[in-house]
Amino acid sequence: MEPKVMKKDTFHVIGYQFDANLREIEEGDLGKKTLARLQENAEGILNKCGNHIYLIQLYPMKEDFNALEDSFTQIIGYEVFNAGHVPRGAILHTIPENFYVTYTHQGPEAELYKTYDYLYGKWLGENGYAPIRYDMERWDERYKPNDSDNEIDVFIAVQKK
């Protein structure tokens, strides 16, 4: 499957966020702990658009940004129909309408960096797109992070160069 460009309408996510770099995220299991917290409190999140979960990564506007060393924001949450009740400790985040390069990663989550390296390091430049400050992953029933048949939909917000 080849990456493709698509337009995605504005949508809302209710979940939990933290700021860290990739090293801190991995060493502290921050993503796994945040996902577990979200799943434990899922009943309190009303108006969910299904059971899929978004991981949203917001990057600082920094020219020499390095995810291994520089902190960025991660939000892990459920897509919701409307922004009604937000449980204590959770946040509401609105994703604006935008164009995205989308691609489905296949394989263990530990190899997801290869998909990001390909998309950011090769595909975007070769196809005349520039990333804009954030990307997302959509985890649904295909999300089995340690399995070879794992699938994660990746969305990188882009603009034409």
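Modeller: Apart from neighbours within four places in sequence, E79 is in contact with F11, H12, V13, N47, K48, C49, H52 and Y54, where contact means heavy atoms within 4.5 Å. This is a predicted model, in which local features need pLDDT of at least 70 and side-chain atom pairs count only at pLDDT 80 or more, while totals for chains, interfaces and linings use all residues. Residues are numbered from 1 along each chain as its sequence is written, and side-chain values use heavy atoms, with hydrogens and water left out.

E79 belongs to strand β4, residues 72-80; strands (E, at least two residues) and helices (H or I, at least four) are DSSP runs numbered from the N terminus. E79 is buried and has no salt bridge. Buried means under 20% relative accessible area, exposed over 50%, and partly exposed in between, with a 1.4 Å probe and protein chains only. A salt bridge is a side-chain nitrogen of Lys or Arg within 4 Å of a carboxyl oxygen of Asp or Glu. The nearest side chain of opposite charge to E79 is R138, 5.2 Å away; Lys and Arg count as positive and Asp and Glu as negative, with His and the chain ends not counted. The side chain of E79 does make a polar contact of 2.8 Å with that of H52. A polar contact is a pair of N or O atoms within 3.5 Å; within protein, one must be able to donate a hydrogen and the other to accept it, and residues adjacent in sequence count only if both atoms are side-chain atoms.

The structure holds 10 aromatic pairs, and F11 with Y54 is a tilted one, at 4.9 Å centre to centre and 40° between the planes. The pair links distant parts of the chain, F11 being in strand β2 (residues 11-20) and Y54 in strand β3 (residues 48-58), 43 residues apart. Rings of Phe, Tyr and Trp (its six-membered ring) pair if their centres lie within 6.5 Å; planes under 30 degrees apart count as stacked, over 60 as edge-to-face and the rest as tilted. Both F11 and Y54 are buried.

From F11, K8 leads on to F155. The charged end of K8 sits over the ring of F11, 4.8 Å from its centre, and also over the ring of F155, 5.5 Å from its centre. A charge sits over a ring if NZ of Lys or CZ of Arg is within 6 Å of the ring centre and within 35 degrees of the ring normal.

F155 is buried, at 6% relative accessibility. Among the contacts of T102 beyond four places in sequence are F155 and V154, and the T102 side chain reaches the backbone oxygen of V154 at 3.2 Å. T102 is in strand β6, residues 98-106, and is buried at 7% relative accessibility.

Back at R138, the charged residue nearest to E79, there is a network of salt bridges linking R138, D140, R142, E151 and D153. Within it, R142 meets D140 at 2.9 Å, N to O, and forms a salt bridge with E151, the closest N and O atoms being 2.9 Å apart. D140 is buried at 14% relative accessibility, whereas R142 is partly exposed at 22% and E151 is partly exposed at 21%.
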